[in-house]
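This briefing is meant to be read alongside the sequence and the coordinates.

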Amino acid sequence: MLDINLIRKNSKDIKLNLSQKGFEFDIKKFEELDLQRKDIQIKTESLQEKSNIFAKEIANEKDENLKANKLSKATVISKELKAAKLDLELAIKNLNKFLLEIPNITLNSVPDGKSEKENKLIYEKGTKPEFTFKVKDHQEIGEMYDGINFEQSAKISKSRFVVFKSEIAKLHRALIQFMLDCHLKSGYEEIYVPYLVNKESLIGTGQLPKFEADLFKIAEHDMYLIPTAEVPVSNIYKNQIINSEDLPINYVAHTPCFRSEAGSYGKDTKGIIRQHQFDKVELVKFVHPEDSEKELENLTKDAEGILTNLNLPYRKVILCSGDTGFASSKTYDLEVWFPSQGTYREISSCSNFRDFQSRRMKIRIKQSKENIYCHTLNGSGLAIGRTLAAIMENNQTEYGSIIVPDVLVEYMGGIKELNLSR
């Protein structure tokens, strides 16, 4: 949520910034809602003051006739005050609803642009493999020997789910442990969190109200399956004041993630690129405001380290304003090379939300004078399924086996090559 005082003072600048994100900020409506709240609040405070004065006068009044008269007037004021409080509650609710639908503003370092086509390449790293045979995609490799099975998952659930078996399942598990170990060495604290969250938690991180169609809801319990570990981990400090000396706080969590993929009909229907359920290792930071831009670079570097250690070719891009997410002020995407498609695909998004989420969650830093909102950041470190698919494609052999990256051999019990035919 944006600082309402910032909006009041800089509404035209904010409107321009948000237009670059494809959002039309209605200044007139904001001013109407804000003025309505202000007028009702002034009225409510005035009535409350009158009510307090009458209460003192009635308590001290000795003349019974005068006391009765004042009691009559106090009753009228009390009814007016009760009605005004209800009006104020509704006015605040309407204003907050309007504010919750406003995206975060982007930083000046974010390039202008309307779509992903205008994202800016920062660099490419790693060597793309060259093959002397016809390249197979990860689904073909996995299905050759029943390491990846979509028919069984569709029978159990529906499409966009998957069953991993044997050495593919083991490689999937090895990736999770490897990533967690890497991030623990980089100073992150591992955390285990619920996979079901309440509505307020999703509002806090910005998934609600805008992205409800993308979520899986357990209606009878008014709970949601998490779309990412960002949601439960970020809400750890909701409604809390953090000691300044405790920052930065760095968490890493492995969870399954659940997304309905609303609006993605027909996209990435083959393979495990876009699933309703997938695993991810997530990085979350709580930092001092003055450190958040530096910490975004650190977080992105930590995610890149996984790709480097796995020897996977990738590139880093900065998202343009039109492609930057609702809650983000600046985002780097890491994209890994997929030989079968001859293109890079996103494997991690690393974002700085500044105080946008912490205002919603009321997470503040203790200061000597006035407490301030901390800044939050998060990024994938990495998406497990996409990493698995990238290894299968980049490390495939002519015979359909998969060379295990050196850093994973230990996690695979010494196995250096997955011979799926055995």
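**Helix packing and cysteines**

The crossing of helices α7 and α12 is right-handed. The model is a predicted one, and in it the axes of α7 and α12 (residues 384-394) come within 10 Å and cross at roughly 120 degrees. An angle of 65 to 115 degrees would count as roughly perpendicular and one over 145 as roughly antiparallel, and α7 and α12 are therefore oblique to each other.

**The α7–α12 contact**
- On the α7 side, the contact is made by Ile168, Leu171, His172, Leu175, Ile176 and Met179.
- On the α12 side, the residues that make the contact are Ile384, Thr387, Leu388, Ile391 and Met392.
- An α-helix has 3.6 residues a turn, so residues three or four places apart point the same way.

**Helix α7 itself**
- Helix α7 covers residues 166-185, which is 20 residues, and reaches 29 Å from its first C-alpha to its last, close to the 28 Å expected at 1.5 Å a residue.
- Among the buried residues of α7 are Glu167, His172, Phe178, Cys182 and His183, and the buried residues also include Ile168, Leu171, Leu175, Ile176 and Met179.
- Just after α7, Gly187 takes a positive phi of about 105 degrees.

**Cysteines**
- The structure holds zero disulfides.
- Cys257 is in no disulfide, and the nearest cysteine sulfur, that of Cys350, is 14 Å away; at 0% relative accessibility, Cys257 counts as buried.
- Cys320 is likewise in no disulfide, with the nearest cysteine sulfur, that of Cys350, 17 Å away; Cys320 also counts as buried, at 0% relative accessibility.

Notes. Residues numbered from 1 in each chain as written. Predicted model: local features only at pLDDT ≥ 70, side-chain atom pairs only at ≥ 80, totals over all residues. Heavy atoms only, no water. Disulfide = S-S within 2.5 Å. Buried < 20%, exposed > 50% of the residue type's maximum accessible area, 1.4 Å probe, protein only. Helix = DSSP H or I, 4+ residues; strand = E, 2+ residues; numbered from the N terminus. Expected span 1.5 Å × (residues − 1). Axes fitted to C-alpha atoms, helices over the stretch in contact; angles between N-to-C directions. Parallel < 35°, antiparallel > 145°, perpendicular 65-115°, else oblique. Left-handed = near helix turned anticlockwise from the far one by under 90°. Contact = heavy atoms within 4.5 Å.
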